[in-house]
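Notebook open, viewer open. I want to go from the domains down to single strands, then out to the chain pair.

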Number of protein chains: 2
Amino acid sequence: MVKKFIIAIDLGGTNLKCALLDSSLKIKAKSSFSTKSFDNKYKLIQGITDSVDSFILNQRLKRSAILGVGIGVPGPVDTLKGIVHFLPNIPGWKEVRLKKILEQKTKLSVFIDNDAKLMTLAEHGAGAAKKYKNVLCLTLGTGVGGGLIINDLLYRGPDNAAGEAGHFPLNERGPRCGCGARGCLETYVGNNKIIKDARKLFGSKITLERVSALARQNNPEAIDFWSQVGKKLGLALSGIVNLLNLDLIVIGGGVSCAGGVLFENIRRTILLRAMLVQAKRVRVVKAKLGIDAGIIGAGYLVKERLGR
Amino acid sequence: MVKKFIIAIDLGGTNLKCALLDSSLKIKAKSSFSTKSFDNKYKLIQGITDSVDSFILNQRLKRSAILGVGIGVPGPVDTLKGIVHFLPNIPGWKEVRLKKILEQKTKLSVFIDNDAKLMTLAEHGAGAAKKYKNVLCLTLGTGVGGGLIINDLLYRGPDNAAGEAGHFPLNERGPRCGCGARGCLETYVGNNKIIKDARKLFGSKITLERVSALARQNNPEAIDFWSQVGKKLGLALSGIVNLLNLDLIVIGGGVSCAGGVLFENIRRTILLRAMLVQAKRVRVVKAKLGIDAGIIGAGYLVKERLGR
């Protein structure tokens, strides 16, 4: 049998990561570029095309050995038509027919999805959610995104918009959210909010990585800081756990590195707030695949679409 | 082909309703008793058995013509094992092996589930949610229950506990809820709360039916009353709509009879609060099957389990 490969692209607000995967989704080669190094949308698309071509060239592959190209992008996507609706953190992207453009340029099958959905596919296929049937994967960053596995399949909803756990309303009169509503979970635990709180407590030069390190060193203010974040997360997750009777919640993204105190407070709040049966069932764990989740997820997307 | 029948039982806090259904779930005969007329659990179970027997006797059926007995109960259930965990509004029921007991007594196959789940099966099979793939059915009563259809199937979760939309937290410091948490949707729109509010406004003898009638006659206080209930419902539903990208929300139970003003406020709040794509997709409608939903749902349960 001829060996087959997948090219996986993780387009993030900060980096464009590309990888060549074998058919069991092991990484064979990798490249990475700063997203900002591409002046505009056209140059970024050309950057993706060039990365695809250079894998094929450098590894001396035939185009027919490539099953397809999977791409994750940080925003809402029509995954069937391959249209990027917009990217909140990368300017100039609006209703871009990325699948069609890249298929013409690369002569390969291209599949596109939202990055949180690909992280979910990856964690379910090869990470912390392997062997769990009903799962919420939450990514904590500037935005709070998510994806749902229901009965062992990624649940997308009619508009591929399911999984938006960051816009769970916690307070009718809470702070205004980027989505237009008020008091969404994201306004309490999104990076913009918590870095602001951290600066008030620890001075203007503090980073969230540093607050995590302080918590691990048992600094009481840092522990209290992450406890508060964990409690807000636990409150929102209680509602979701009551509604969906989940087996597992996987938490990824930068904030998930805060460590034990964050997870303990999430778990304790769920036990306190959620209904008994649902609270006892659900486990809450850290994502396993880290920075490669987007790449691995893009590989699963290609396999999902090609029915492999 | 021999004609086949299903016996459907809807055990409620108020009434025990029984029906003989044909294989297309049309009601052929019906009986109803006050639940309180049975002194205890044993007499109630005997009442169910007697109803089953009298359908068979009166309609001159052979036991082999009965596909099975479907039963809905108002509380949490292990539907596979057929165990009723407890019934909040019917005393004396705790871990009752109702399936086993009734199968011994009736010599028929018996299937049991929670009433909100059966209402959901019924509305999806033959009511307002027919032809919709992803649906939340909400029942508004003393308790606020629900059921979820995901990709055209009833989604139960690992403990058959999914769908509890009434315990969605709206306010961290809100009123204490029967489930042990605070500020659940049920504490704002459950009958106990809204009848209390209604009495403050309209005097101690008012009923919710009367407040509904007043709203239909354009009484401004009654309209404002149902607007407030609609807004609270809309707020909780916004979070669920963001998370699940639903096609449809079906609202049943007594309060759903409040009419246009309730539904308009739910829809307006979702448009205001939920994310654009999800808010534009979801429709919000009244349940269609009314008081027969439990019976029809019990029929669908038997069909689901027997793979028909």
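Some housekeeping before I go on. I am looking at a predicted model, where local features need pLDDT of at least 70, side-chain atom pairs count only at pLDDT 80 or more, and totals for chains, interfaces and linings use all residues. Residues are numbered from 1 along each chain as its sequence is written, while chains are lettered from A and ligands numbered from 1 in the order in which they are written.

Next I looked up their contacts, where two residues count if their C-beta atoms, placed from the backbone, lie within 7 Å. Nine residues of domain 1 of chain A touch twelve residues of domain 2 of chain A. On the domain 1 side, β5 (77-78) and α3 (115-126) of chain A each supply at least two residues. Helices (H or I, at least four residues) and strands (E, at least two) are DSSP runs, numbered from the N terminus. That domain 1 side divides into five nonpolar, two polar and two charged residues. For these classes, Ala, Val, Leu, Ile, Met, Phe, Trp, Tyr, Cys and Pro are nonpolar, Asp, Glu, Lys and Arg are charged, and the others, Gly among them, are polar.

**Entry: strand β1 of chain A**

How many residues of strand β1 (residues 5-11) of chain A are buried? I got seven of the seven, so the strand is largely enclosed by the rest of the structure. Buried means 20 or more other C-beta atoms within 10 Å of the residue's own, exposed means 12 or fewer, and partly exposed is in between, with C-beta atoms placed from the backbone. A:F5, A:I7, A:I9 and A:L11 point one way from β1(A), with A:I6, A:A8 and A:D10 pointing the other way.

Then I looked at partners; strands pair if DSSP finds at least two bridges between them. β1(A) runs parallel to strand β4 (residues 66-73) of chain A over six bridges, and A:I6 sits opposite A:G68 there. Strand β2 (residues 15-22) of chain A is antiparallel to β1(A), with seven bridges, and A:A8 faces A:A19 in β2(A). A hairpin of three residues links β1(A) to β2(A).

**Entry: the five-stranded sheet**

I traced an open, mixed sheet in chain A, in the order β11-β10-β9-β12-β13. β11 (153-155) and β13 (283-286) of chain A are the edges, each with a single partner strand, so one side of each has no neighbour in the sheet. Strand β10 (residues 144-150) of chain A pairs antiparallel with β11(A) over three bridges, and A:I150 is opposite A:L153.

**Entry: chain A against chain B**

I counted 35 residues of chain A in contact with 35 residues of chain B. α7 (220-244) and α9 (276-281) of chain A each supply at least two residues of the chain A side, and α7(A) gives the most, with seven. By class, that side has 18 nonpolar, ten polar and seven charged residues. I also see that 100% of the interface residues of chain A are interface residues in chain B too, so the copies meet through the same surface.
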